[in-house]
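Work through the exercises below with the sequence and the coordinates open. Each task is followed by a stepwise solution.

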Amino acid sequence: MNTAEWEAVRARIATLGREPDAADIGDALRWCGHVVSDSTVLAVSTALHRDSVGAGPLEPLLRLPGVTDVLVNGPDDVYVDTGEGLRKSAVRFNSDEDVRRLAVRLAASVGRRLDDASPFVDARMADGTRVHAILGGLADAGTCLSLRIPSRSRLSLDDWVASGTCHPEVAHVLRRMVARKVAFLVSGGTGSGKTTLLASLLGLVPSTERILVVEDSRELSPAHPHCVRLEGRAPNAEGAGAVTMTQLVRQALRMRPDRIVVGEVRGAELVDLLIALNTGHEGGCGTVHANTPESVPARLEALAALGGLGREAAHSQIAAAVRAVVHVTREARGRRVSAVAVLGRGPGGLVEARSALAVTVEGRVRRLEGFAELESILGAT
């Protein structure tokens, strides 16, 4: 059955206004001039179900072991990442209209609008999958979909060590940081494993402590018995009902937290987090996008400016609140905890990141200028 014939059958069935049964599908096939057989009816029924439930033709990709991302660049280019980098899949859509139909349905399933008046959407599905869609016209390839799949397993820090992605010496330092309630950030690029590592570290927090996690979109799921997760909310179709990260951080402060965690620091909520960490809430942590540990202070300064802090005030707050940075990189062979740095004021009074531990490509750990300061923090905290 070619694309035009399939569209004709689907259009005929759509006029029913209800879920079709086998007889309805047979009638639609005969109306369109097709020979009706059990195999044809079954094939059409399967295709209709696939296109009306879940992620349609993308469902097989979402079930692949270790899948983290599925990307659709128009009807002909579908890519998948199972932890070893993006590769093109054999999945195709019949037309851009099919991609758009799927994108609109996914958005509608979580109460979001996607049409010419609102041509892009960022949402989270019930299973935790993050969906971003942008319609053709804005994207030259046609309608584009980006699906980020949450991890189906909870990795412990021991799992990171066993897989070779975290050196045992670095893991020992990370355990001491959590035990000593050192405030830290996990930095890295998109898809480097920042959130996964942070969840593993939160699993080391004693069960007697209460963790408050604030996220724009729920991703962190630490193996901890007393973890309360707060999730931001985008405005509805009328532009009302939004709940910002800044509001949630302030609410978390009133919920008797032992540790406050911001899943990803990306805006003005940084100011509230810094205030929280400077008012007796030890052991706070979060993730931040950065190419290197050394670029983290500049990144934090820029985010603090969004919250109204000037440069000097921002660096004063950062210096007092955050003590260390753990950096994760994504390479051709996979993810790796590549460095640990300490934050402190430099000669000019601004916060600098000084490398303490660095893991070489060969897997050896180098102790650098900031190591003695890191040991002092771990011993004195």
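**Exercise 1: α9 and α10**

The axes of helix α9 (residues 245–253) and α10 come within 8 Å and cross at roughly 20°. The model is predicted: local features need pLDDT of at least 70, side-chain atom pairs count only at pLDDT 80 or more, and totals for chains, interfaces and linings use all residues. Residues are numbered from 1 along each chain as its sequence is written, and side-chain values use heavy atoms, with hydrogens and water left out.

Task: classify the packing of α9 and α10 and state which residues make the contact.

Step 1. Axes are lines fitted to C-alpha atoms, for helices over the stretch in contact, and angles run from 0 to 180 degrees between N-to-C directions. Helices are DSSP runs (H or I, at least four residues), and strands are such runs too (E, at least two), numbered from the N terminus.

Step 2. Angles under 35 degrees count as roughly parallel, over 145 as roughly antiparallel, 65 to 115 as roughly perpendicular and the rest as oblique. Therefore α9 is roughly parallel to α10.

Step 3. With contact meaning heavy atoms within 4.5 Å, M245, T246, V249, R250 and L253 of α9 meet E269, D272, L273 and A276 of α10. By class, five are nonpolar, one is polar and three are charged.

**Exercise 2: α12 and its two partners**

Task: describe how α12 packs against α10 and against α11.

Step 1. Helix α10 (residues 269–277) and α12 pack at about 50°, their axes 9 Å apart; the two are therefore oblique to each other.

Step 2. On the α10 side the contact uses L274, I275 and L277, and on the α12 side Q317, I318 and A321. This contact has five nonpolar, one polar and no charged residues.

Step 3. Helix α11 (residues 296–306) and α12 (residues 311–321) pack at about 120°, with axes 9 Å apart. They too are therefore oblique.

Step 4. L300, E301 and A304 in α11 meet R311, A314, H315 and I318 in α12. These residues divide into four nonpolar, one polar and two charged.

Key:
Ala, Val, Leu, Ile, Met, Phe, Trp, Tyr, Cys and Pro count as nonpolar, Asp, Glu, Lys and Arg as charged, and the others, Gly among them, as polar.
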